[in-house]
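The following exercises concern a structure that is to be examined alongside its sequence. Each task is followed by a solution in steps.

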Amino acid sequence: MTTQTHDFTVIEGGTAPVRVEDMAPVARFSLRLREAHRAAVGQALGFDLPQRVGDVARAKARAALCLGPDEWLIHAPEAEAEAIAAAGAGAYAEAPHSLVEISDREISYAITGPAARELLTIACPRDLDRLATGRAVRTVFDTAQVVLWRDGEDAFRLDVWRSFAPHVRALLDAGQAELSAGF
Amino acid sequence: MSQFRIPGKGRVDHAETVSFSFDGKRYEGLRGDTVASALLAHGVHLMGRSFKYHRPRGPVTADSAEPNALIGTSRGAGEKEGRFEPNTRATVQELRQGLVAESQNRLGSLSFDLGAVNDALHPLFPAGFYYKTFMWPRSFWDKLYEPVIRHAAGLGRAPSKVDPDSYASRYLHSDLLVVGAGPSGLMAALAAARAGVRVTLVDENPEMGGALLSDPGIEIEGRPAWDWLSGALAELNALGVRLMTRTTAIGYYHQNMIGLCEKLTDHLDEIPEGAPRERMWRVRATRVVLAQGALEKPLVFHGNDRPGVMLAGAAQSYLHRWGVRVGERAVIVTSHDSAWYAAFDLAEAGSKVVAIVDTRATPPEALVSEARARGIEVLAGHTVTGTKGRLRVASVTVNPVRGGTVGAARLLHCDCLLMSGGWTPSLHLFSHTKGSLQWDAESETFLPGRMTEECHIAGAGRGVWGYAEALADGAKAGADAATALGREAEAITPDVAHDRPGTGESHKELPTDRKSHRVRAFVDYQNDVTAKDLRLAVREGMRSIEHVKRYTTNGMATDQGKMSNMNGLMIAADAVGKPPPQVGLTTFRPPYTPTTFGAFAGYHRGATFEVTRATPIDGWAEENGAVYEPVSLWRRAWYFPIGGEDMEEAVARECRAMRASVGIFDASTLGKIEVMGPDAVEFMNRMYTNPWTKLAPGRCRYGVLLGEDGYIRDDGVIGRLSDDLFHVTTTTGGAARVLNMMEDYLQTEWPDLDVWLTSTTEQWATVALNGPRAREVLAPLVEGQDISAEAFPHMSVAECTVAGFKARLFRLSFTGELGFEINVPARHGRALWEALMEAGKPHGITPYGTETMHVLRAEKGFIIVGQDTDGTVTPQDAGLGWAIGKKKPDFVGKRGLARPDLVAEGRKQLVGLMTEDGAVKLEEGAQIVLDPEQPLPMKMVGHVTSSYHSATLGRSIAMALVEGGTERMGETVHVPMPDGVVRAKVTSTAFYDPDGDRLKL
């Protein structure tokens, strides 16, 4: 069984203004459905699925992010992947929807530290001051489509399509080097 | 220290000297100097040669508008090489230890320039000379004229080394962006920030303050200007305002997007590790205050370009900011009050002011009496008719003007001539927004008119003059912006003492008593355009200022006409005989000042030039010597050479091995779309040409996707996993486009369908296993599915386990051999590949790349969308008519296919071509004719789309689109090539195993 590499960035002295880390894999699903079935499918998956784009519902270790009027992104611990798929399948007859596993489509980076927000501005055109903690958005980082989660004032997560990830990572490393050099 | 530096004066650090060189000579300057101020402190005015006539030139400004003092800069040789930059403005480049500067545009030395022969020959180079002079004889153009002109053209020399610096970029959001940190900009920022607005204040200079830095005698709120300035900056800092110096607003784009270029290291002695040289900021500001100030205009007279002739405002800046007197004996020539103050300050600092020459008959009485009190001679109602001095001005000729008549000349000796033709509001950024300009008759200048963006303009940038008014205007703009942002704001107007208000008048070229052919009065210093050139352009028929500009090149140099546009307009308007607004003003375009390519490129160079997508199996390919080719954004393994194989040898080996035993191929880049929902089958029926209703779960089918026009857009194998679930594959390059097209139809045409699309391209790694031994290799690794020929026939799909990984297994073939495609979650892609390589060892499993894949499919006549199709090929043209569901009521492209021209006879159809000599390979893209003897131009009936050497068949094969191709089976066609005509026979595209027996294993 192969796994992702985890080349956690070692910060000497712990003074770097921002750190970028590969995150462990999680179960990811793309959920699409009509409003009429939002409640039923949500219940099957353990959520009250949010309606406002950017809002995140959380249930234990699971999170459901509203990406569009009919689209949600679900993150959960890896071990729950099959249970989620089964719950969706169970609700399908009554509440048709599309629940597609995309666990391996993306990988995630954690970007943390006092300069985390500043680092993201090297390639993300959004006004990150307006992204409240706990919310997330689909946006771009340079030319790559990403989902950006704000987990705290100084804590962000970036979901990137697998083949775009090295490019995004290289940019983050370049930006991190600037910030560490005080520029 | 030089005689021109005043000890202790200015904002430079007199305690720290900085050493640099100019044209090989070492000089000492002070920390805070620019190259220009440091050289001026040594009495050096000659800093360059002009572009066309190689006339000696010195700085005329003290800022970024400088047209003359352009230098090449570097950090010296050795490891610092690669940092040479031409056309750096000496007035902007700050001194750093070891700076190496050189003058430009000279042949020989700066003081003796062989190119100056052009100056003596100037009658040969009138406006538009290149349209006139070098036309005949025609044969001279290539050998003589063009090489000579190319050698002479251009500013400076291009760097020859790769730039070792890095360049950065950031996005920035601000409620209010204030451009320019002079009095108005500072007040705007203060007013808004005090009201709680998130403000960014930028200035191109190393320190903020604008004109206040050059006018320390002003008092604001009872404090000397510089004290007030530090207080204001401290308050802005405390209010959380983002203060950015050395940052130029280069362009103003739609919806308040402003580009800023920040210089980070050019002023530093050493470049810190990891520091980028420049950073491009893309700012989205809710409101913008433009407080760019005004640019001083030169006066246009004979000899106004001699070193030592300088704008009066620049001399005042050199004095107060850098403690440098620009000369011992100054003559001032002006049409504006402001130059009088420069004269007074210079006199105060110890220079002899020989005379103040004012073109106005009656300058303000207060100024005149102050001049007299200082013992300065005042020559009102005078003009300047010439200057003398070889490399530096030595004298100036002035004449009284009475009733339009130029009187007797008088010679004034001087070593600097300070001029002011009044001030032009800097409208560049406002002009980028396409806001309209309005002619103000009173001040004879253009002012900002109707706004197209949410912006405010304050201070001298909109014609406001004098510190009290500029400060008040800035405060109002800031308060207005804050109010527009929903804040309560107050515009506090500070008290000002010792203000220096003023007015002036505008001129065309100054009146003269010289014969007109002997007048060299420069309007555009950088492009060597004279007043006479402008008048000539009008005489030769140019009426619009846009035409005059292009004919003369006035305002077309790197300074974007900052000095020359208004003077050029006044002269052209006079020549045309219309008021200036009817002749118009040329358009200012970004960038405001020259900006490096590096700043625009940012991170997009080297490894991060562009996204390079790699599959999960890419690492294995790299370790095993794959040669890559780019396919859309992906890099794909092209072939796997062994030993010294070239591509042809490697591909031949890979092909033979696959057909003889088994080959393995990374197909992960194929686009994959999950189509799920109760209406999935209906959606598929409508999108693709094929019928899908009767495709049973567990089976797959080759699908063709058309545009509405009936032409092939994409293709791929589609598996039905359950009644409501399809696994669609697309071409590698078409993945995103096809998903977008499907979403588009779903959302706009068929919102009633209960079906949803999800891209799973990167969820799966896909490995294709092909060849007669494929099943033997695969079978031991499969659990949960019998893959025997009976249980799992060609075009099957199943969910099972392969090598221990959850998999979607397809049986299909793009090679004509028994084939499987195994999809596993992407993270397991490489492990699956390695497991198959291991299992295939006994069978000599051979990895192959995209080139072999292309040959193998061509041997079977399978098309590649985009290679054998070009957006004008229908399924029938491509021999895929069988893939159209004829009984379906509709599908995308159905009506398009019925268009008369799509059902007409003689369309180009895809056929096979076999050259008569199998050793000859046709060239892809080669044109096909029926009769090679026909006269030129021949009628071309088609072209070759794919062509390969087939190791399997031991000869070349090709596919081609040929008019009426399917009717020409067996005919001979001709392919004219540079080294002769190639004869080829039209055949079926199924070159190999046409009956498909090999799939039935």
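**Exercise 1. Identify the buried residues of helix 19 of chain B and the elements against which they pack.**

Solution. Step 1: the buried residues of helix 19 of chain B are B:Ala680, B:Val681, B:Phe683, B:Met684, B:Arg686 and B:Met687, where buried denotes 20 or more other C-beta atoms within 10 Å of the residue's own, exposed 12 or fewer, and partly exposed anything in between, with C-beta atoms placed from the backbone. Step 2: helix 19 of chain B covers residues 680–687, and six of its eight residues are buried, which leaves the helix mostly covered. Helices (H or I, at least four residues) and strands (E, at least two) are DSSP runs numbered from the N terminus. Step 3: the buried residues pack against strand 36 (671–676), strand 37 (700–706), strand 39 (725–730) and helix 20 (735–748) of chain B; contact requires C-beta atoms, placed from the backbone, within 7 Å.

The model is predicted: local features need pLDDT of at least 70 and side-chain atom pairs count only at pLDDT 80 or more, whereas totals for chains, interfaces and linings use all residues. Residues are numbered from 1 along each chain as its sequence is written, while chains are lettered from A and ligands numbered from 1 in the order in which they are written.

**Exercise 2. Describe the overall make-up of chain B.**

Solution. Step 1: chain B contains 25 helices and 52 strands. Step 2: its C-alpha trace spans about 115 × 70 × 55 Å along the principal axes. Step 3: of the 1001 residues in chain B, 53% are buried. Step 4: among contacts in chain B between residues at least 6 apart in sequence, 67% join residues at least 24 apart.

**Exercise 3. Which residues touch the most other members of the largest nonpolar core?**

Solution. Step 1: a nonpolar core is a set of buried Ala, Val, Leu, Ile, Met, Phe, Trp, Tyr and Cys residues joined through C-beta atoms within 7 Å. Step 2: the largest such core has 327 residues, of which B:Ala192 and B:Ile332 touch the most other members. Step 3: helix 11 (residues 467–484) of chain B gives the most to this core, with nine residues. Step 4: leaving aside residues up to four places away in sequence, B:Ile332 touches B:Ala312, B:Ala339, B:Ala342, B:Ala343, B:Val353, B:Ile356, B:Val357 and B:Leu418.

**Exercise 4. Characterise the packing of helix 12 against helix 14 of chain B.**

Solution. Step 1: helix 12 (residues 531–539) and helix 14 (residues 565–576) of chain B pack at an angle of about 40 degrees, and their axes are 9 Å apart. Axes are lines fitted to C-alpha atoms, for helices over the stretch in contact, and angles run from 0 to 180 degrees between N-to-C directions. Step 2: helix 12 of chain B is therefore oblique to helix 14 of chain B, given that angles under 35 degrees count as roughly parallel, over 145 as roughly antiparallel, 65 to 115 as roughly perpendicular and the rest as oblique. Step 3: the crossing of these two helices is right-handed, that is, the near helix is turned clockwise from the far one by less than a right angle, anticlockwise being left-handed. Step 4: B:Ala531, B:Leu534, B:Arg535 and B:Val538 in helix 12 of chain B meet B:Gly568, B:Ile571, B:Ala572, B:Ala575 and B:Val576 in helix 14 of chain B. Step 5: the residues of this contact divide into seven nonpolar, one polar and one charged; Ala, Val, Leu, Ile, Met, Phe, Trp, Tyr, Cys and Pro count as nonpolar, Asp, Glu, Lys and Arg as charged, and the others, Gly among them, as polar.

**Exercise 5. Is B:Gly185 buried or exposed?**

Solution. Step 1: B:Gly185 is located in helix 5 (residues 183–194) of chain B. Step 2: B:Gly185 counts as buried because it has 30 C-beta neighbours inside 10 Å. Step 3: not counting residues up to four places away in sequence, B:Gly185 touches B:Val178, B:Gly180, B:Leu201, B:Gly210, B:Val289, B:Ala291 and B:Gly474.

**Exercise 6. Locate the cis peptide bond from B:Leu936 to B:Pro937.**

Solution. Step 1: this peptide bond is cis, with omega near -10 degrees. Step 2: B:Pro937 lies in the loop between strand 48 (927–928) and strand 49 (942–950) of chain B.

How values were computed:
Contact = placed C-beta atoms within 7 Å.
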